[in-house]
Amino acid sequence: MAEDYLTDDEQLEHVKQLFAEYGPWTLGAVVVGLGLAFGYRYYNQHMNERALDASAQFADMSTAVNGNDPAKARQIADGLIKTYPRSPYADQAQLVLARLAVDANQEAGAVGPLQEVIEHSKDAELRHIARLRLARVQIDQGKPDEALNTLSDLPGTFEARYDEVRGDAYYAKKDPAKAAELYKRALGEGDPQSMDSALLALKIADLGLAPAAPPAPPTAATAPPPPASPAGPASSNKAKP
């Protein structure tokens, strides 16, 4: 029988039958949907709170570093790494730990944090920065071959910096010709107006390979005499008749 021809009582009875048959499934779907919506909102709120907390800790760590408080900076960095191990803040904390170790003349303590960034950071730029710093540490430790191996990765936009540190490694290996080659290449790859280029020029000069200075302009003592006037030398005044 079509529903259009059902009486009110018959329609009510039909609705009851439908609810008895499909009601539990409908109610379950509503409950599941509400639960998913609540869970999504809770997850977003939780992640936002974690991000804000990590940002605040990072700011405190930076303040401690700038305030020359290495003990507090190290404590905050350790907490960031433990609480947010796969966040960009953890990568920055590792770099801070490496810097604090170098500042304390404990280069060996910088190796582990830098390796963590190289191996686990999702930020390609931070990985390059960590490689460069690790290579410098290895050069300071008297391990230039390890430094060159560290810089075997493709440098991308860090090509000039890679070549400079490679030059430092070859200089440490007593190979000034190769060092000069890499310094000059890095100088051509970088910004000629930057501080890095000025430092590279000094390194090249230290190798005795600076370009010759332009000739100095002649002084008054060595300047050639002015050309003679077309009218000839000036004549002396004659007496009047």
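View 1. Asp-103 belongs to helix α3, where helices are DSSP runs of H or I with at least four residues, and strands are runs of E with at least two, numbered from the N terminus. With a relative accessibility of 53%, Asp-103 is classed as exposed; exposed means over 50% relative accessible area, buried under 20%, and partly exposed in between (1.4 Å probe, protein chains only). The model is predicted: local features need pLDDT of at least 70 and side-chain atom pairs count only at pLDDT 80 or more, whereas totals for chains, interfaces and linings use all residues. Residues are numbered from 1 along each chain as its sequence is written, and side-chain values use heavy atoms, with hydrogens and water left out.

**View 2. The largest nonpolar core.** A nonpolar core is a set of buried Ala, Val, Leu, Ile, Met, Phe, Trp, Tyr and Cys residues joined through side-chain atoms within 4.5 Å. The largest such core has 22 residues, and those with the most contacts inside it include Leu-95, Ala-110, Leu-132 and Val-165. Two or more residues each come from α3 (88–103), α4 (108–120), α5 (124–140), α6 (144–150) and α7 (159–172). The most is given by α5, with 8 residues. A separate, second core comprises 15 residues, among them Ala-54, Met-61, Val-65 and Leu-80.

**View 3. Contacts of Ala-110.** Neighbours within four places in sequence are left aside here; Ala-110 then contacts Ala-98, Ala-101, Val-102 and Val-137, contact being defined by heavy atoms within 4.5 Å.

**View 4. The aromatic pair.** The count of aromatic pairs is 1, taking rings of Phe, Tyr and Trp (its six-membered ring) whose centres lie within 6.5 Å, with planes under 30 degrees apart counted as stacked, over 60 as edge-to-face and the rest as tilted. Phe-58 and Tyr-89 form this tilted pair, at 5.6 Å centre to centre and 55° between the planes. The pair joins distant parts of the chain, 31 residues apart, with Phe-58 in helix α1 (residues 8–66) and Tyr-89 in helix α3. Phe-58 is partly exposed at 26% relative accessible area, and Tyr-89 is partly exposed at 26%.

**View 5. Lys-178 over a ring.** Lys-178 sits over the face of Tyr-170, 5.8 Å from the ring centre; the criterion is NZ of Lys or CZ of Arg within 6 Å of the ring centre and within 35 degrees of the ring normal.
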